Amino acid sequence: MLEALGISAPALFGQLLIGLINGSFYALLSLGLAVIFGMLNIINFTHGAQYMMGAFGAYLLLEHLHLGYWWALIIAPIVVGLTGVIIERLFLKQLYQLDHLYGLLLTFGIALIIQGLFRNYYGSSGLPYRAPAELQGVRNLGFMFLPNYRAWVIVVSLVVCLTTWFVIERTRLGSYLRAATENPSLVRAFGINVPRMITLTYGFGVGLAAFAGVMAAPIYNVSPLMGADLIIVVFAVVVIGGMGSIMGAIITGFGLGVVEGLTKYFKPEASDTVIFVIMVIVLLVRPAGLFGRRV
Amino acid sequence: MEHVVDPLIAVKRGARWSEAAAFAVMVAFFLVAPAMVYPVFLMKVLCFALFACAFNLLIGYAGLLSFGHALYFGWAAYVCAYAAKSWHLTPEIAILTGTALAAGLGLVAGALAIRRQGIYFAMITLALAQMMYFFAVEAPFTGGEDGIQAVPRGYLFGVFDLGQQATMYIFVLAVFLAGFLVIYRIIHSPFGEVLKAIRENEPRAISLGYKTDRYKLVAFVLSTTLAGVAGATKALVFQLASLTDVHWSMSGEVVLMTLVGGLGTVFGPVVGAFIIVAMENYLAEFGQWVTVIQGVVFVTCVLLFRRGVVGELANALKIPL
């Protein structure tokens with residue numbers, strides 16, 4: 001049927017698949033940004049650099065310690081998350097009484113430092129990283145070929161996103177988090193250690209970015225600036241979705257990935273800008289964002 | 001909550017003599033400096049100083065953080081370069097063409113961005129700038145990776161040869177001083193006072209009957225227009241417009257200059273631009289370390305010197321600067 005319309009099914013589904021993959025990363029990263037923003041009231045500009053650190057973590061674990069993908073998937077997010085905890089304790093903690101803009105400026109500075117350091121040691125070109133043996137190969141779905149690794153990325157990010165949503169919206173820990181977001185001093189008065197919760201939330205959000213980075217390593221090349229441009233697109237995703245809702249961040253992330261994939265098929269030259277154009281339209285029609293409350 | 005700008009310094013009025021004295025020192029410095037320092041370096045400082053002053057008008061006085069000011073700077077540079085090279089316009093007309101484009105872009109981007117506040121405002125301006133960056137990469141007339149090279153400086157008003165380094169320097173200094181005085185006038189006008197009121201407490205300004213969105217939009221357009229003047233002039237100084245000028249790192253740089261010099265101070269952006277341009281010049285041989293050092297300066301300023309160099313000085317001397 002599609003052929004009758006002059007559309008090549010394998011190419012179309014191929015782009016859709018790439019869209020879903022990109023959407024997985026948008027969802028994971030905007031989810032982390034939303035969680036961090038909820039607790040810390042800071043837009044974490046370092047997020048892209050921390051995503052890159054996750055990918056480099058996978059690369060370095062393999063190069064120096066001969067630990068493969070599966071180990072990297074566990075170790076890299078924890079280590080990068082710990083660096084996040086240090087950043088929060090040392091720097092971000094001092095900014096909570098100040099205007100939000102300082103948080104943006106500080107995390108931008110930290111991102112410059114991290115990206116600059118990695119560029120010094122590893123150059124700007126991409127380093128290859130192979131998908132694990134268990135996930136290599138492709139599956140024939142009849143209408144298209146699906147590389148196993150890509151299917152794995154989509155499934156795992158969906159699971160991680162939905163688990164995060166479940167923990168925040170449906171568990172006791174999540175209710176503490178949400179309460180602390182609304183009124184930290186009251187929650188503190190109930191004997192809950194809010195500062196520690198803030199630190200762990202930042203560590204978790206950063207770990208999530210690093211997790212996305214490890215998963216991205218076999219798909220994109222590992223390079224110091226891999227997160228720098230991505231984070232700006234994720235900002236647009238966040239503006240479109242609004243940061244008030246966890247589920248909103250997930251749906252917007254995947255949805256925009258798919259739209260971008262479709263654009264790549266139908267109008268490839270517009271694929272870099274389509275998300276920004278959607279942002280403009282959303283700002284005109286629904287200024288608070290698709291899932292946002294008026295801020 | 002501590003504000004972006006220390007209200008004590010920003011609001012304190014009456015003691016204009018300190019600003020007049022500082023202005024005299026600044027003018028004297030830029031008149032004498034070419035005898036000692038390489039003029040192209042000074043012209044770069046002047047262009048970036050105007051760019052930072054324009055940016056400061058927005059963050060320092062209206063409290064709006066635009067993280068996409070490279071858009072207006074870079075696109076004005078492209079259009080000015082193209083007008084001078086392909087349409088053979090005289091330099092002043094070429095600069096005005098670039099500036100007009102920056103004003104138009106600012107009107108559109110500003111109208112969109114002020115629909116959201118605070119942190120979202122910053123993200124929207126950044127995203128719009130990134131969108132226009134991709135246009136600059138793909139548009140045929142920008143020359144892609146090469147940019148627009150060998151832009152002729154031409155004859156100012158058809159008379160003065162800007163190919164002469166001294167003439168060019170005087171022209172750039174005049175442009176900078178004109179822009180600086182325009183910004184100074186805006187800051188100290190009733191309009192500027194309303195901007196400061198919006199920065200301090202927007203709901204209260206609204207309750208006093210001010211249409212704050214309009215004030216913010218006008219401030220945004222003024223800021224982008226002056227950023228355009230700076231970008232267009234820079235294109236003539238270096239005879240080059242390239243992707244560097246529209247990249248997000250340029251937006252970050254102007255934030256850094258203003259932060260180092262002092263947000264919401266009149267002379268801060270000029271000092272900040274001088275420091276950052278000098279730093280990049282003298283540290284160029286360290287290559288990638290420049291980015292790292294910029295990051296360290298960012299972090300240090302945010303954590304320890306939120307008032308910036310000029311802000312700290314003004315605070316120590318208890319005078320507005």
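Let me start with a question: does Asn41(A) count as buried, partly exposed or exposed? Take the neighbour count. Asn41(A) has 15 C-beta neighbours inside 10 Å. Buried needs 20 or more, and exposed needs 12 or fewer. So Asn41(A) counts as partly exposed.

Keep in mind that this is a predicted model. Its scores are ipTM 0.87 and pTM 0.90.

Stay with Asn41(A) for a moment. Its phi is positive, about 60°, although the residue is not a glycine. Look for it in the loop between α1 (9-40) and α2 (47-65) of chain A.

Gln239(B) is not glycine either, and its phi is positive, near 55°. You will find Gln239(B) in the loop between α10 and α11 of chain B. With 16 other C-beta atoms within 10 Å, Gln239(B) is partly exposed.

Now chain B as a whole. It holds 14 helices and two strands. The C-alpha trace spans about 50 × 45 × 40 Å along its principal axes. For 321 residues, a compact globule would come out near 20 Å. Chain B has 19 Å, so the two agree. Of those 321 residues, 53% count as buried. Look at the contacts too. Among those in chain B between residues at least 6 apart in sequence, 78% join residues at least 24 apart.

How confident is the predictor here? The average pLDDT of chain B is 89, and 95% of the residues score at least 70. Within chain B, confidence is lowest in helix α1 (residues 7-11), with a mean of 49. It is highest in α10(B), at 95.

First, α3(B). How much of it is buried? The count is 20 of its 23 residues, so α3(B) is largely enclosed by the rest of the structure. At 1.5 Å a residue, α3(B) should span 33 Å. Its end C-alpha atoms are 31 Å apart, which agrees. There is also a kink in α3(B), of about 30°, centred on Phe55(B). After α3(B) comes Gly63(B), with a positive phi near 70°.

Second, α7(B), residues 165-187. It also has 23 residues, and at 1.5 Å a residue it should span 33 Å. Its end C-alpha atoms are 33 Å apart, which agrees. Several of its residues are buried, among them Phe171(B), Val172(B), Phe176(B), Gly179(B) and Ile183(B). What covers the buried residues of α7(B)? The cover includes α3 (39-61), β1 (155-156), α8 (190-200) and α10 (212-238) of chain B.

Last, the interface. 37 residues of chain B are in contact with 36 residues of chain A. Which elements of chain B give two or more residues to the side that touches chain A? They are α6 (118-138), α11 (248-261) and α13 (289-303). The one that gives the most is α6(B), with 13 residues. By class, that side of chain B has 24 nonpolar, nine polar and four charged residues.

That's the tour. Over to you.

Definitions and conventions
Residues are numbered from 1 along each chain as its sequence is written. Chains are lettered from A and ligands numbered from 1 in the order in which they are written. This is a predicted model: local features need pLDDT of at least 70, side-chain atom pairs count only at pLDDT 80 or more; totals for chains, interfaces and linings use all residues. Two residues are in contact if their C-beta atoms, placed from the backbone, lie within 7 Å. Helices (H or I, at least four residues) and strands (E, at least two) are DSSP runs, numbered from the N terminus. Ala, Val, Leu, Ile, Met, Phe, Trp, Tyr, Cys and Pro count as nonpolar, Asp, Glu, Lys and Arg as charged, and the others, Gly among them, as polar. The radius of gyration is taken over C-alpha atoms; the globule rule is 2.2 Å times the number of residues to the power 0.38. The expected span of a helix is 1.5 Å times one less than its number of residues. pLDDT is the predictor's confidence in each residue, from 0 to 100. The bend at a residue is the angle between axes fitted to the seven residues ending there and the seven starting there.
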